[in-house]
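Dear colleague,

Please find below the structure that I am handing over to you. My findings on the ligand site and on one helix follow it.

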Amino acid sequence: MTTPCIIRGLGHCVPETRLTNADLERMVDTNDEWITSRTGVKERRIAALGETTVSLSHQAALRALENAGMQAEELTHILVATFTPDAYIPSSACMLADCLGIIGRTAMDISAACSGFLFALEAARAIICLHPEAKVLVAATDVVSSRLDYTDRSICILFGDGGGAAIVTADTGLAPAGCAQVLDVLLATDGSAHGLLTVKGGGSGAPYKPGETVRRDFFVEMNGREVFKYAVRAMSSICKKMLEKNSLDKDQVDVFIPHQANLRIIDAVGTRLEMPTEKIFTNLQKYGNTSAASVIIALSEAREEGFIKDGNLVLLSTFGGGFTWGSALLRF
Ligand code: UT7
């Protein structure tokens with residue numbers, strides 16, 4: 001038995017600094033035409049010194065709290081989805097709680113790479129089933145630039161930094177206008193494909209010794225073609241499953257927000273779902289792939305810009321290293 005949940009507030013934050021395709025042309029052997037035609041990305045935001053997963057999450061959380069009309073001290077649980085925590089100990093969630101001035105609540109990080117937001121959203125729903133009075137902050141943030149090798153042209157052009165946040169509570173039927181009902185979440189993983197998208201260096205399986213220089217494995221490593229094919233199959237099939245499970249036709253979906261990794265992946269998924277282009281929200285042109293933050297930034301921005309209107313049925317989908325993937329259905 002699930003407790004119906006709502007998203008009461010949304011917020012996002014991206015760094016000021018822009019890294020354009022022209023900038024990248026000066027750094028690696030690439031060009032705007034290749035990047036645009038292969039990925040759709042025109043520029044991305046890059047964290048300045050001192051801008052971190054915790055600081056971006058903090059700004060996004062403050063905006064989500066304001067959007068929800070809530071105070072930080074009302075929060076009972078803090079979840080941060082990230083693969084680029086500020087540190088391994090303490091968790092980014094503990095540090096975020098401290099930034100928000102909260103002591104004595106539950107705070108924990110969640111690791112699901114680019115699918116992080118949906119995995120954290122599902123964890124929030126589970127917490128609310130156990131504690132219907134819970135008010136859960138779900139932040140999903142990555143400073144991917146901290147794990148990018150800016151001499152590797154096949155990877156560094158793809159990603160950017162950013163954070164997003166959502167406040168999730170039980171649906172008491174008294175929620176103010178503008179909230180989104182979380183109708184359903186579906187998640188999936190395939191660990192057998194773990195080697196196709198990795199950041200291994202510094203983990204217990206690939207530790208560093210004092211004085212050792214960082215190896216390539218410290219940075220994102222990926223078999224782009226294989227990830228591309230799997231991502232298209234996984235996102236389209238989980239979205240179909242979501243619609244079937246909820247007895248919905250694709251035509252009933254008003255807005256589709258897929259993981260913002262590559263415009264060609266989004267086009268291929270859109271085609272498989274027979275989703276008209278005008279229903280698909282994209283912002284990867286401005287931000288690149290912001291990993292865990294990708295879908296929550298897009299959701300927050302789509303709502304802010306009026307792309308999502310009251311009453312709209314919104315379908316989300318993510319895909320990331322692990323592999324991890326998922327889908328969520330929201331009603332605004
Ligand atoms: O969040 C989930 C994580 N990631 C993704 O979803 C990414 C999934 N994969 C992709 O988006 C695409 O595979 C990429 C954009 C990474 C690559 O596109 P592709 O069409 O699969 O290109 P490719 O890797 O097969 O490379 C084609 C050519 C190669 O040259 P040759 O061997 O054909 O001579 C590459 O060396 O393009 C070359 N290349 C570049 N050229 C200019 C690779 N990167 C670049 C570059 N600029 N930045």
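Which polar side-chain atom lies 2.7 Å from an oxygen atom of the ligand? That atom belongs to His259. The protein covers 76% of the 950 Å² of accessible area that the ligand has on its own (Shrake-Rupley method, 1.4 Å probe).

This is a predicted model, in which local features need pLDDT of at least 70, side-chain atom pairs count only at pLDDT 80 or more, and totals for chains, interfaces and linings use all residues. Residues are numbered from 1 along each chain as its sequence is written, and side-chain values use heavy atoms, with hydrogens and water left out.

Two further polar contacts (pairs of N or O atoms within 3.5 Å) involve nitrogen of the ligand. A ligand nitrogen is 2.6 Å from a side-chain N or O atom of Thr30, and a ligand nitrogen is 3.0 Å from a polar backbone atom of Gly224.

The shell around the ligand (residues with a heavy atom within 4 Å) comprises 11 nonpolar, seven polar and five charged residues. Helix α7 (a DSSP run of H or I, at least four residues) gives the largest share, four residues. Domain 1 (5–170) and domain 2 (180–331) both contribute to this shell, so the ligand lies between them; the domain bounds come from an automatic or database assignment.

Just after α10, Gly306 adopts a positive phi of about 80°.

With kind regards

Conventions:
Helices (H or I, at least four residues) and strands (E, at least two) are DSSP runs, numbered from the N terminus. A polar contact is a pair of N or O atoms within 3.5 Å; within protein, one must be able to donate a hydrogen and the other to accept it, and residues adjacent in sequence count only if both atoms are side-chain atoms. Ala, Val, Leu, Ile, Met, Phe, Trp, Tyr, Cys and Pro count as nonpolar, Asp, Glu, Lys and Arg as charged, and the others, Gly among them, as polar.
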